[in-house]
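Me: Please go through this model with me, one piece at a time. I'll jump around a bit.

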Amino acid sequence: LRVAPEEKRGDTSVLRMLLRYRALKEHGDWLGPEPPGKEPLDLLATLQATSTALPAALLTRLSRVTGVSEEVCSTLIFQIRTNATEINRGQKVGCALSVYVGYTNHDCDPNTAASIDAEGHVCLTAKRAIKRGEEVTFSYVDRHGKLAERRKILQEHYGFTCQCVRCTREEQNST
């Protein structure tokens, strides 16, 4: 696959995810049909996909460059925006889409943190003791951001206004 230089600007994580999707659909995983620790591609269909306006020209370009239909591009972009975890190596270097992590709810004061291990698996690591029956959560946004910033991103990308204990407390303290 050849990509024109003008197509290589900016954040390429969505482009890489679409190409990975196409490779998995056409050729399967390079580790074999049931690689240990890998999530089946078919589970993607179970993820929520909060829709947003996408320019038609962008979908056409992405479809042409990746060989993935515009409809699938659109769905995957919505799923990525709604469920992907940032890969940070001192700075953002990409994103990972994990179905199992996508099932985990958000909290601005989470009890776990998402990371990518040396084998490329998305991991949730406890930040503190988690009580029996307590929901496992992680933050979908930079938890160091201000209340208004966090809520804006959560509303735009995930379609909800956060009402976690931290947000509620910060909102009450600001009035």
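Me: Where does Phe78 lie?

Reply: Phe78 lies in helix 3, where helices are DSSP runs of H or I with at least four residues, strands are E runs of at least two, and both are numbered from the N terminus. This is a predicted model, in which local features need pLDDT of at least 70 and side-chain atom pairs count only at pLDDT 80 or more, while totals for chains, interfaces and linings use all residues. Residues are numbered from 1 along each chain as its sequence is written, and side-chain values use heavy atoms, with hydrogens and water left out.

Me: Is Phe78 buried or exposed?

Reply: Phe78 is buried, because its relative accessible area is 12% and buried means under 20%, with exposed over 50% and partly exposed in between (1.4 Å probe, protein chains only).

Me: And what does Phe78 touch, not counting residues up to four places away?

Reply: Phe78 touches Ala49, Thr50, Ser51, Thr52 and Leu54, a contact being heavy atoms within 4.5 Å. Ala49 is 29 residues from Phe78 along the chain, yet their C-alpha atoms are separated by 4.7 Å.

Me: Next to that stretch is Gln48; what is Gln48 in contact with, beyond its neighbours within four places?

Reply: Gln48, which lies in the loop between helix 1 and helix 2, is in contact with Gln79, Thr82, Asn83 and Tyr158 once those neighbours are left aside.

Me: Then Asn83: buried or exposed?

Reply: Asn83 is found in helix 3 and counts as buried, at 7% relative accessibility. Apart from neighbours within four places in sequence, Asn83 is in contact with Leu47, Gln48, Leu97, Gly102 and Tyr158.

Me: Zooming out, how many helices and strands are there?

Reply: The protein has six helices and six strands, and from the N terminus on the elements run α-α-α-β-β-α-β-β-β-β-α-α. Of the 175 residues, 34% are buried. Among contacts between residues at least 6 apart in sequence, 56% join residues at least 24 apart.

Me: Back to the helices. At what angle do helix 1 and helix 3 pack?

Reply: Helix 1 and helix 3 pack at about 120°, with their axes 11 Å apart; the axes are lines fitted to C-alpha atoms, for helices over the stretch in contact, and angles run from 0 to 180 degrees between N-to-C directions. The two helices are therefore oblique to each other, since angles under 35 degrees count as roughly parallel, over 145 as roughly antiparallel, 65 to 115 as roughly perpendicular and the rest as oblique. The contact is made by Val14, Met17, Leu18 and Tyr21 of helix 1 and by Val72, Cys73, Leu76, Ile77 and Ile80 of helix 3.

Me: What about helix 2 and helix 3, how do they cross?

Reply: Their axes come within 9 Å and cross at roughly 105°, which makes helix 2 roughly perpendicular to helix 3. Helix 2 contributes Leu59, Thr60, Leu62, Ser63 and Thr66 to the contact, and helix 3 contributes Glu70, Cys73, Ser74 and Ile77.

Me: Which residues of helix 2 are buried?

Reply: In helix 2, residues 56–66, the buried ones are Leu59, Leu62, Ser63, Val65 and Thr66, and they pack against helix 1 (13–27) and helix 3 (70–83). Helix 2 is followed by Gly67, whose phi is positive, near 80°.

Me: Which residues have the most contacts inside the largest nonpolar core?

Reply: That core has 18 residues, and those with the most contacts inside it are Leu44, Leu62, Cys73, Ile80 and Leu97; such a core is a set of buried Ala, Val, Leu, Ile, Met, Phe, Trp, Tyr and Cys residues joined through side-chain atoms within 4.5 Å. Helix 1, helix 2 and helix 3 are the elements that give two or more residues to this core. A second, separate core of eight residues includes Val141, Leu147, Tyr158 and Cys164.

Me: Last topic: how many disulfides does a search of the whole structure find?

Reply: The search finds zero disulfides, where a disulfide is a pair of cysteine sulfur atoms within 2.5 Å. For Cys164, the closest cysteine sulfur is that of Cys162, at 3.5 Å, which is too far for a bond. Cys164 counts as buried at 9% relative accessibility, and Cys73 is buried too, at 0% relative accessible area.
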